[in-house]
Amino acid sequence: MEAYIINVIVLGVISWTTAFLLVRRIFPKRSFDFCNRAVSTIHATLAVILTFLSVQDWGCPVCPLAAKSSPKQMQALAVSLSYMIYDLICCLFEKRVSLDNSIHHLVSIVGIGAGLAYEKCGSELVAALWVTEVSSPFLHLRELLKELGFRDTDLNLAVDILFAVIFTLGRMVCGPYITYVTVSASNPFVIKAMALGLQLVSAFWFYKIVRMVTHKLTKRTASKNVSSKLFTPKI
C-alpha cells in the first residue's frame with residue numbers, strides 16, 4: 001500500500017471524527033445516533049460521487065476486471081475505508097454493536113484494505129461500494145426523521161419504501177452480478193471471500209427490510225380501516 005493512501009486513511013479517520021464532534025456541538029440536544037447518522041449521510045453521498053467519478057469504462061462499469069486500480073479508485077476506496085474504521089469505533093462507543101452490522105464493517109474493512117494493499121480489483125470494488133452506499137442516505141434519513149418527530153408519518157413511510165426499493169435494486173439486483181464477476185476473475189482469494197460475505201450480509205438485510213416494509217404497510221392499512229370505521233356515520 002502506497003504511503004499517500006495510508007495518509008488518506010489516517011487523515012480520513014481524523015476528519016470523520018472531527019465532523020462527528022462538530023455535529024454534536026451544533027446539535028447538542030440530539031442523540032449520539034442522530035449525530036453519527038448525519039456524518040454517515042455525508043460519507044454515503046461523498047462515496048457515491050467519488051465512485052461515480054472513478055469509473056474507467058461506462059460501457060462496462062466493472063471493467064477492467066482484476067486490473068490495477070487507478071489513482072481515483074484508490075482514493076475513493078481509501079476515503080470509505082477511513083469512514084468504516086471511524087464508524088466501527090463509533091458504534092463501540094455508543095454500545096449499539098449488532099452482529100450483522102459488525103460483520104458488514106469487518107468484511108468491508110478487510111475487503112477494501114486488501115484491494116488497496118494489492119492495488120488491484122479497483123473496478124469491482126468501487127462498483128460494490130457504489131451499490132452498497134447508494135441506498136445509505138435514505139437508510140439514515142428514515143432514522144433521522146424519527147428523531148425529528150416524523151415517526152409513523154406518510155413522509156417516513158415514503159422514505160422507508162424508497163430506501164427498500166433502492167436497496168433491492170442495488171444490493172439484490174446489481175450486487176449478485178458484481179459478486180459473480182469478482183469471484184470469477186483472477187482476484188486474490190481474500191477479495192473473493194469478502195465479496196461473498198458482503199453479498200450474504202446484504203441478503204440477510206434484504207430479508208429484514210422486506211419484513212419491515214410488510215409490517216409497516218400492514219399496520220398502515222389496519223390503522224386506516226379502523227379510522228374509517230370510527231368516522232363512518234351510522235344509518
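## Overall architecture

Of the 235 residues of the protein, 46% count as buried, where buried means under 20% relative accessible area, exposed means over 50%, and partly exposed lies in between (1.4 Å probe, protein chains only). This is a predicted model, in which local features need pLDDT of at least 70 and side-chain atom pairs count only at pLDDT 80 or more, while totals for chains, interfaces and linings use all residues. Residues are numbered from 1 along each chain as its sequence is written, and side-chain values use heavy atoms, with hydrogens and water left out.

The protein has eight helices and zero strands, and from the N terminus on its elements run α-α-α-α-α-α-α-α; helices (H or I, at least four residues) and strands (E, at least two) are DSSP runs, numbered from the N terminus. Taken along the principal axes, the C-alpha atoms fill a box of roughly 75 × 40 × 30 Å. Among the contacts with a separation of 6 or more, 78% come from residues 24 or more positions apart, a contact being heavy atoms within 4.5 Å.

## Surface and nonpolar patch

The protein exposes about 12600 Å², of which carbon and sulfur atoms supply 71%; accessible areas come from the Shrake-Rupley method with a 1.4 Å probe, and for residues only the protein chains shown count as cover. I49, F52, L53, W58 and W130 make a nonpolar surface patch of about 550 Å². Patches are made of residues with over 30% relative accessible area and no salt bridge, with like charges joined within 9 Å and nonpolar side chains (Val, Leu, Ile, Met, Phe, Trp, Tyr) within 5 Å; a salt bridge is a side-chain nitrogen of Lys or Arg within 4 Å of a carboxyl oxygen of Asp or Glu.

Helix α2 (residues 32-54) gives the most to this patch, with three residues. L53 has its place in helix α2 and is exposed, because its relative accessible area is 53%.

## Cysteines

The structure holds one disulfide, a disulfide being a pair of cysteine sulfur atoms within 2.5 Å. C60 and C63 form it, with their sulfur atoms 2.0 Å apart, and the torsion about their S-S bond is about 55°, so the disulfide is right-handed. C60 counts as buried because its relative accessibility is 19%.

For C35, the closest cysteine sulfur is that of C90, at 9.3 Å, which is too far for a bond; C35 is buried, at 0% relative accessibility. For C91, the closest cysteine sulfur is again in C90, here at 6.4 Å, also too far for a bond, and C91 counts as buried at 5% relative accessibility.

## Helix α4

Helix α4 (residues 99-118) has 20 residues that should span 28 Å at 1.5 Å a residue, which agrees with the 28 Å between its end C-alpha atoms; the expected span is 1.5 Å times one less than the number of residues. Because 14 of its 20 residues are buried, α4 is largely enclosed by the rest of the structure. After α4 comes E119, whose phi is positive, near 60°.

S70 lies in the loop between α2 and α3 (71-94) and is buried, with a relative accessible area of 12%. Not counting residues up to four places away in sequence, S70 touches S54 and Q56.

K146, in helix α6 (residues 136-150), counts as buried at 16% relative accessibility. With residues up to four places away in sequence left out, K146 touches R151, N156 and K216; K146 and N156 are 10 residues apart in sequence and 7.5 Å apart in space, C-alpha to C-alpha.
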